[in-house]
Amino acid sequence: MSSEIPSNVVVSPSKAHKALFSAMRNKNTSSVDFVKFAKRSMRILAEDALAEFNTQTVEIETPCGPFQGTAMMDPTKIC
C-alpha cells in the first residue's frame, strides 16, 4: 500500500492537532476533557475545510476608506 497522500486530500496545517490527539489518546484523560479536546479538534477541522472553498475579491467601504477584501462562498449554496 502506498504511503503517499492522494492529491485530493488536504492535510490540516494546524499544529494544535498533534497536541489534541496526544491528549485524547492519553489513558489518564478524563471523559470530560476528551470531549473538550475532540470538539476543539472538530472546530479546527471545520474551519480548515471552509477555508478550502472558493473566495472572491470584494470592494468594501470602511470608516478609513475603500478596502479590497475577500468574501467566502455562501454556505447555504455548498450542496
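Tutor: Start with a pair of side chains. The side chain of Ser41 makes a polar contact with the side chain of His17, at 3.2 Å. Keep in mind that this is a predicted model. Distances here are computed from its atoms.

Where does Ser41 sit? Its place is in helix H2. Is Ser41 buried or exposed? Ser41 has a relative accessible area of 3%. The cut-off for buried is under 20%, so Ser41 counts as buried. Now list its partners, leaving aside neighbours within four places in sequence. Ser41 is in contact with His17, Leu20, Phe21 and Met24.

H2 covers residues 31-51, which makes 21 residues. At 1.5 Å a residue, H2 should span 30 Å.

Which residues of H2 are buried? They are Ala38, Ser41 and Ile44. Seen down the axis of H2, these buried residues fall within an arc of 125°, so they line one face of the helix. An α-helix has 3.6 residues a turn, so residues three or four places apart point the same way.

Look at the other side too. The face of H2 turned away from its buried side carries exposed residues. These are Val32, Met42, Arg43 and Glu47. And what covers the buried residues of H2? The cover includes helix H1, residues 16-25.

Now go back to His17. Ser41 is one of its polar partners. Ser12 is another: a polar contact of 3.3 Å joins the side chains of Ser12 and His17. Ser12 lies in the segment before H1. The side chain of Ser12 also reaches the backbone nitrogen of Ser14, at 3.3 Å.

Leaving aside neighbours within four places in sequence, Ser12 is in contact with His17, Ile44, Leu45 and Asp48. Ile44 is one of the buried residues of H2. Compare sequence and space for one more pair. Ser12 and Leu50 are 38 residues apart in sequence. Their C-alpha atoms are 12 Å apart in space.

Eight bridges join E1 to strand E2, residues 65-72, and the two run antiparallel. One of these pairings links Ile60 with Phe67 in E2. A hairpin of two residues joins E1 to E2.

Finally, step back to the whole protein. Its secondary structure comes to two helices and two strands. From the N terminus on, the elements run α-α-β-β. The radius of gyration is 18 Å, well over the 12 Å that the globule rule gives for 79 residues, so the protein is more spread out than a compact globule. Its C-alpha atoms fill a box of roughly 55 × 40 × 25 Å, along the principal axes. Of the 79 residues, 10% count as buried, and Ser41 is one of the buried residues.

Methods: Residues numbered from 1 in each chain as written. Predicted model: local features only at pLDDT ≥ 70, side-chain atom pairs only at ≥ 80, totals over all residues. Heavy atoms only, no water. Helix = DSSP H or I, 4+ residues; strand = E, 2+ residues; numbered from the N terminus. Expected span 1.5 Å × (residues − 1). Buried < 20%, exposed > 50% of the residue type's maximum accessible area, 1.4 Å probe, protein only. Arc of directions from axis to C-beta. Contact = heavy atoms within 4.5 Å. Polar contact = N/O pair within 3.5 Å; in protein donor to acceptor, adjacent residues only side chain to side chain. Pairing = 2+ DSSP bridges. Rg over C-alpha atoms; globule rule 2.2 N^0.38 Å.
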